[in-house]
Amino acid sequence: MPALSVRDLRKTLGGRTVLDGVSLELNPGDRVALIGESGSGKSTLLNLIAGLDQPDAGEIAVAGQVMQTGDPDQAAALRRRHLGFVFQAFHLLPHLTVERNVAVPLLLNKIPHLEALQRARALLGRLGLGSRCQAVPGTLSGGEQQRVALARALAHRPALLLADEPTGNLDPAAATGALDLILEECREAGSALLLVTHSDSAARRADRCLRLEGGQLHAQ
């Protein structure tokens, strides 16, 4: 079963066609880089796949479940069970500790509270943040926040991880380390990865690279 299946996806924004018949399929464990000029629609595509926005036409299925256009509750349930999303800005909850940030998707999936915290601590330990579990995001470095965001995205072992310029705010050394973590954790979890990046070095580490141009995907 594909981790992601996109069929003939179309989206117009402000009178401009951003996506014009995009089709894409990722199997479990696939690592695909998505490149393109700023404004080409890369983030729009990720938001549509995640159900954060609605396409004008086309079909999206994650882990075999078709996302129902116009049904935000169904989209939210699908995200909780099968999707992880690493944002460039991290979007950590500032009032929660690091371990509770990571536990959020587990709690939303009805994992018992203590078990969710234990799983969060174990994952943070693997990412070198075992000593920071009780810290709040505002006290962390950019690289540490990136690792917390990655832990949160992978905590529920999603079928598909979407990463939107996850290393864009990091210096080159930190970016390389962050990408190492993303690739390693996806391999361990068996998650498919769709990585939006402007980095040639990051794109080269994917199994394949696609360019979004003129509203369509092209093999790179």
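Tutor: What follows covers helix pairs, then pockets and a cavity. This is a predicted model, in which local features need pLDDT of at least 70 and side-chain atom pairs count only at pLDDT 80 or more, while totals for chains, interfaces and linings use all residues. Residues are numbered from 1 along each chain as its sequence is written, and side-chain values use heavy atoms, with hydrogens and water left out.

Student: At what angle do the axes of H3 and H4 cross?

Tutor: Helices here are DSSP runs (H or I, at least four residues), as are strands (E, at least two), numbered from the N terminus. Axes are lines fitted to C-alpha atoms, for helices over the stretch in contact, and angles run from 0 to 180 degrees between N-to-C directions. For helix H3 (residues 98–108) and helix H4 (residues 113–126), the axes come within 8 Å and cross at roughly 125 degrees. That makes H3 oblique to H4, given that angles under 35 degrees count as roughly parallel, over 145 as roughly antiparallel, 65 to 115 as roughly perpendicular and the rest as oblique.

Student: Which residues of H3 and H4 make the contact?

Tutor: Contact means heavy atoms within 4.5 Å. H3 contributes Val98, Glu99, Arg100, Val102, Ala103, Leu106 and Leu107, and H4 contributes His113, Ala116, Leu117, Arg119, Ala120, Arg121 and Leu124. By class, the contact of H3 with H4 has nine nonpolar, one polar and four charged residues. The classes are nonpolar (Ala, Val, Leu, Ile, Met, Phe, Trp, Tyr, Cys and Pro), charged (Asp, Glu, Lys and Arg) and polar (the others, Gly among them).

Student: How do H3 and H5 cross?

Tutor: Their axes come within 7 Å and cross at roughly 30 degrees, so H3 and H5 are roughly parallel to each other. Val98, Asn101, Val102 and Pro105 of H3 meet Val148, Ala151 and Arg152 of H5. This contact of H3 with H5 holds five nonpolar, one polar and one charged residue.

Student: At what angle do H5 and H6 cross?

Tutor: The axes of H5 and H6 come within 10 Å and cross at roughly 15 degrees; H5 and H6 are therefore roughly parallel to each other. On the H5 side are Gln146, Arg147, Leu150 and Leu154, which meet Ala178, Leu181, Ile182 and Glu185 in H6.

Student: What is the volume of the largest pocket?

Tutor: Rolling a probe the size of a water molecule over the atoms shows where empty space is left. On a 1 Å grid over the protein atoms alone, a cavity is a set of points where a 1.4 Å probe fits but cannot get out, and a pocket is an open set with protein on both sides within 12 Å along at least five of seven lines; lining residues have an atom within 4 Å of a point. Grid points are joined across faces, edges and corners, and a volume is the space filled by probe spheres set on the points. The largest pocket holds about 410 Å³. Its lining has 14 residues, with Arg79, Leu83, Phe85, Pro105 and Leu108 nearest its centre. At least two lining residues come from each of helix H2 (72–82), strand E6 (83–86), H3 and helix H5 (142–154).

Student: Which element gives the largest share of the second largest pocket's lining?

Tutor: H4 does, with five residues. The second largest pocket has about 220 Å³ of space.

Student: Which residues line the largest cavity?

Tutor: Pro166, Thr167, Leu179, Leu195, Thr197 and Ala202 line the largest cavity, whose volume is about 30 Å³.
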